[in-house]
Amino acid sequence: MDIAVNLGLVVIILGLTYAIMSEGLWGAALIFFNVLFASVIAFNFYETLAGLITQNAGSWSYGYADLVSLMLLFLVSLVLLRVTTDSLGPTMIRFPLPVYHAGRILFGLGAATIATAFMMVAFHTAPVHKKIFGVVGHDTKPPFGLGLDHRFLAFFQYTSGYPFSTYDETAYDPFGEFLNKRVFDPEGRWLIDHEDARPFGEGWREEAGSSPGASPGGAAGAGGDSGLSSSSGNGPGIPGGTAGAAAGLAPTNTGF
């Protein structure tokens with residue numbers, strides 16, 4: 001199943017790349033930036049919209065609010081950005097043939113990769129099996145070790161810490177990278193917390209608790225701390241880690 005998921009993601013990326021390439025260099029470049037900014041906008045505001053949905057729609061919406069909010073914000077933002085860019089730049093620009101072909105492939109692949117990474121992150125918020133498709137958890141990096149979901153979270157955290165930073169003297173940053181900036185998921189727990197929250201099957205916590213020699217306290221053991229314990233609610237809680245943690249490059253005690 002693991003190889004099927006990896007190959008499926010590769011096929012999706014290649015299919016989207018081919019479709020976007022057909023827009024030419026200028027069109028592919030516009031789509032690339034549209035997808036990039038739409039994904040950032042959606043991820044920045046989805047929790048606020050999800051909160052409004054759960055407050056007004058009732059308990060039936062609890063499992064779907066994050067997923068619906070992410071996809072709705074992404075699609076609306078993408079359509080608005082596409083209409084705007086088509087209005088501002090309605091005419092294709094002529095480029096030398098080598099630049100034209102190289103550019104449309106590059107921007108097509110970039111847009112397809114971002115869209116696929118966003119789709120993977122959205123799946124993590126869905127009320128499905130803790131191991132998505134039976135194989136994808138917080139510690140896997142599909143497709144084939146690239147870890148597109150980790151890299152998207154790392155990118156979004158970077159944008160919240162540098163280009164679009166908000167200063168807050170009470171901000172919590174255990175790694176000391178962003179200091180007094182209000183950064184997205186400073187502990188790098190987003191994937192872990194969402195795996196724990198998914199309602200079906202067994203995740204890392206259940207597997208650790210059932211492993212030979214495991215203590216009743218689970219992975220942490222007798223008062224220990226594995227770095228994967230559930231959120232206490234005191235931190236800002238939700239997505240990424242440091243840029244390295246979200247990309248799966250943090251020290252082992254962070255759980256990545």
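Here are a few stops, starting with a helix and moving on to the loops on either side. Keep in mind that this is a predicted model.

**Stop 1: helix H5.** Select residues 148-161. These 14 residues reach 20 Å from the first C-alpha to the last, close to the 20 Å expected at 1.5 Å a residue. Is H5 mostly covered or mostly open? Mostly covered: 11 of its 14 residues are buried, including Leu-148, Phe-152, Leu-153 and Phe-156.

Stop 2: To see where they meet, show the side chains of Leu-36, Ser-39, Val-40, Phe-43 and Asn-44 in H2, then Phe-152, Leu-153, Phe-155 and Phe-156 in H5. This contact is made of 7 nonpolar residues and 2 polar ones, with no charged residue.

**Stop 3: the loop between H4 and H5.** Pick Pro-143, which sits in this loop. Look at the peptide bond joining Pro-142 to Pro-143: that bond is cis, with omega near -10°. Then click Phe-144, in the loop between H4 and H5 too. Phe-144 isn't a glycine, yet its phi is positive, at about 55°. With 47% relative accessibility, Phe-144 counts as partly exposed.

**Stop 4: the loop between H5 and H6.** Finish at Asp-185, found in this loop. Asp-185 is another non-glycine residue with a positive phi, near 40°. Is Asp-185 buried or exposed? Buried: its relative accessible area is 2%.

How values were computed. Residues numbered from 1 in each chain as written. Predicted model: local features only at pLDDT ≥ 70, side-chain atom pairs only at ≥ 80, totals over all residues. Heavy atoms only, no water. Helix = DSSP H or I, 4+ residues; strand = E, 2+ residues; numbered from the N terminus. Expected span 1.5 Å × (residues − 1). Buried < 20%, exposed > 50% of the residue type's maximum accessible area, 1.4 Å probe, protein only. Contact = heavy atoms within 4.5 Å. Nonpolar A, V, L, I, M, F, W, Y, C, P; charged D, E, K, R; others polar.
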